[in-house]
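Hi everyone, thanks for coming. I'd like to walk you through one model today, so please keep the picture in view while I talk.

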Amino acid sequence: MQKFIAYDKLAREDRFIRMRARRVAEIRMEQGLPPFPDLRDLESLRNRIHGILVGELQAMEGAGRTVFDFADDTPWEFVMDMARQVWDEARHVEIYTKLLEHLGGYLGEYPESTLLWRCACAATPEERVAGVNRGLEGLACDVFAQLIRLAQKLDDPLLERAVDYVLADEITHVRMGSYWLRRLTENAPERLQKALEFQMSIDERFNLGGVRGADARAESEGIPIAQDIRREAGFSEDEIARLVATTQRSPVY
Ligand SMILES: [Fe+2]
Ligand SMILES: [Fe+2]
């Protein structure tokens, strides 16, 4: 089997349309919409849920690829953790598919961006856990915490509990990332540094080349850093402080 496959080789039904995240943001802005769904209305909430759903799908595929790509040269426990994550992400895909239907949406209603998969194709296992588990799944913790608060406001206990259930898994995925980032680079500080830099670059990728700057509405729609959850998931105080500073610049926070 081929290693490190391109995103356009991922198996998908015809109803999925893939597009770069930056292009999606540009098209939205051309239509007078904020670059990212800002949760102002039900349509925007559906859009956000769809984005999370395809993220879960790519997270499942990414963890599966990591099992395959690195099974021969990483500890057995690492491979087991990644295999367990495949199982968790598959469940998350099912949960978000049902949540999308609960909100009146359907699979393929919005384009699928390829950001997570591209991070999941990093060349080393430590960069994958840094970029995907700590970078993107850390971001997912912030997004899910915000969704839970929104569900409470909307008085939608199904949405609230379902997202809370997935969040509990995501915290374990970020913790796994924190643990394996250290373990895999125990005697290789330069590899640790490289992986941490890759993780930091994820925040920059979410700036999408500054496209958000043209839309003032997006500036006011923040996704706060879920600091307690981040701490629980193994982020240091320095990392949390850096993330809080990044929120001043990133459209997704
Ligand atoms: Fe997930
Ligand atoms: Fe996850």
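Let's begin with L39, which sits in the loop between α1 and α2. Please bear in mind from the start that this is a predicted model. As a general rule, most residues other than glycine have a negative phi. Is L39 buried, exposed or partly exposed? L39 has 16 other C-beta atoms within 10 Å, so it counts as partly exposed.

The loop between α1 and α2 also holds F36. F36 counts as buried because it has 24 C-beta neighbours inside 10 Å, and the cut-off for buried is 20 or more. Looking back along the chain, F36 and A21 are 15 residues apart in sequence, while their C-alpha atoms are 9.5 Å apart in space.

There is another positive phi to point out, and that one belongs to D155. Phi at D155 is about 55°, and D155 is not a glycine either. You will find D155 in the loop between α5, residues 125-154, and α6, residues 157-184. D155 counts as exposed because it has 8 C-beta neighbours inside 10 Å.

Now let me step back to the whole chain. How many helices and strands does the protein chain have? There are 10 helices and zero strands. Of the 253 residues, 43% count as buried. If you take the contacts between residues at least 6 apart in sequence, 77% of them join residues at least 24 apart.

On to helix packing. Two packed helices are described by the angle between their axes and the distance between the axes. Take α2, residues 42-70, and α3: their axes come within 8 Å and cross at roughly 160°. That angle makes α2 roughly antiparallel to α3, since anything over 145 degrees counts that way. The crossing of α2 past α3 is left-handed. What kinds of residues make up this contact? The contact of α2 with α3 has 17 nonpolar residues, six polar and three charged.

Helix α3 packs with α6 as well, at an angle of about 160° and with the axes 10 Å apart. These helices, α3 and α6, are therefore roughly antiparallel to each other. Here too, α3 passes α6 in a left-handed crossing. If you want to find the contact on screen, the α3 residues include F78, D81, H92 and H102, and the α6 residues include L158, D169, H173 and W180. By type, the contact of α3 with α6 divides into nine nonpolar residues, four polar and three charged.

The mean pLDDT of the protein chain is 87, and 88% of the residues reach 70 or more. Which elements have the highest and the lowest mean pLDDT? The highest is helix α3, residues 76-102, with a mean of 98, and the lowest is helix α8, residues 216-220, with a mean of 37. Across residues 207-220 the pLDDT is below 50. That stretch has 26 contacts in the model beyond near neighbours in sequence.

That's my tour, and I'm happy to go back to any part of it.

Methods: Residues are numbered from 1 along each chain as its sequence is written. Chains are lettered from A and ligands numbered from 1 in the order in which they are written. This is a predicted model: local features need pLDDT of at least 70, side-chain atom pairs count only at pLDDT 80 or more; totals for chains, interfaces and linings use all residues. pLDDT is the predictor's confidence in each residue, from 0 to 100. Helices (H or I, at least four residues) and strands (E, at least two) are DSSP runs, numbered from the N terminus. Two residues are in contact if their C-beta atoms, placed from the backbone, lie within 7 Å. Axes are lines fitted to C-alpha atoms, for helices over the stretch in contact, and angles run from 0 to 180 degrees between N-to-C directions. Angles under 35 degrees count as roughly parallel, over 145 as roughly antiparallel, 65 to 115 as roughly perpendicular and the rest as oblique. A crossing is left-handed if the near helix is turned anticlockwise from the far one by less than a right angle, and right-handed if clockwise. Ala, Val, Leu, Ile, Met, Phe, Trp, Tyr, Cys and Pro count as nonpolar, Asp, Glu, Lys and Arg as charged, and the others, Gly among them, as polar. A residue is buried if 20 or more other C-beta atoms lie within 10 Å of its own, exposed if 12 or fewer, and partly exposed in between; C-beta atoms are placed from the backbone.
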